[in-house]
Amino acid sequence: MKKSTRENILIGLFVAILAAFVVWFFQILREYESRLTKLETRFDLCVDCSQRTQIIGKYPYTTYKSVDVAPDGEVLLEAEIDLLSEQFRWKCASITEIVRGNERADLADVISKYRDSAELQNALGIVCVGTASSEGNTKGEESRAKDRVETLFSLVKSNLKSQKKLPIYGLNFGKYDAITNSECSDATLEQRRIVLIKIIERSAKLTDDKLEESLKRVLLEKASNPAYIFPIDIRNYTMFKSGQDMLLYGRDISK
């Protein structure tokens with residue numbers, strides 16, 4: 001009798017554990033399907049829809065759309081990442097000069113072409129990204145990348161002709177983590193890209209202290225999926241790899 005009772009208890013426990021597992025599995029499945037539905041709705045069911053090559057003024061650039069979605073399907077952050085093409089890059093060792101090929105470029109002119117009715121139509125904020133290439137020591141180049149964020153802050157604040165009161169944030173990538181013994185050259189141009197991120201949608205749950213992690217997930221998702229052909233990989237930069245705080249303070253460009 002006692003043996004039968006023990007067996008019944010063990011069978012009951014097994015059934016209860018199995019039932020709990022089934023419930024948990026289907027909950028995870030529902031959350032995954034909900035997240036997938038959100039992503040498909042945003043990107044019209046195709047990877048290529050997540051990027052668009054456009055012209056601003058006379059300057060070509062590519063916008064990469066991306067979203068950070070919570071497990072329950074809520075969109076935490078929707079962003080548009082603008083990458084200027086035609087070799088717009090930071091000049092070697094400079095924190096203020098931007099070049100286009102072999103000539104100095106006027107990024108202020110590019111930023112002044114952003115319009116509320118077009119490029120900024122749904123923008124809620126702008127994130128300026130600072131990058132530094134692999135030459136030099138890590139601490140110095142991380143500081144240089146931060147100074148480049150400051151330059152972008154200033155350029156956006158002074159030249160963005162918007163009626164909106166858009167906050168500006170900075171994201172410091174730091175130094176491109178690669179060993180090089182050469183002087184700064186065109187070989188590392190791709191590591192010194194000009195990047196601006198427009199915040200298009202932001203959940204009320206995504207407070208400033210959580211914004212950095214959401215931005216990282218957006219950039220990581222783009223870089224880790226080869227289908228996107230996204231040309232800048234946050235995983236290759238020292239601030240991300242070392243786990244340091246990358247998000248700089250926000251500013252209101254209306255002030």
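The model is predicted, so local features need pLDDT of at least 70 and side-chain atom pairs count only at pLDDT 80 or more, while totals for chains, interfaces and linings use all residues. Residues are numbered from 1 along each chain as its sequence is written, and side-chain values use heavy atoms, with hydrogens and water left out.

The structure has 1 disulfide, a term used here for a pair of cysteine sulfur atoms within 2.5 Å. The bond runs between Cys92 and Cys184, with an S to S distance of 2.1 Å. The pair ties together distant parts of the chain, 92 residues apart: Cys92 sits in the loop between β4 (88-90) and β5 (98-100), and Cys184 in the loop between β8 (167-175) and β9 (195-202). Helices (H or I, at least four residues) and strands (E, at least two) are DSSP runs, numbered from the N terminus. The torsion about the S-S bond is about -80°, so the disulfide is left-handed.

As for accessibility, buried means under 20% relative accessible area, exposed over 50%, and partly exposed in between (1.4 Å probe, protein chains only). Cys92 comes out partly exposed at 26%, and Cys184 is partly exposed too, at 30%. Cys128, at 0%, is buried.

On to the backbone. Ala93, also in the loop between β4 and β5, has a positive phi near 70° despite not being a glycine; with a relative accessible area of 54%, Ala93 is exposed. Ile229 is another non-glycine residue with positive phi, here near 50°. Ile229 lies in the loop between α4 (208-224) and α5 (238-241) and is exposed at 65%.
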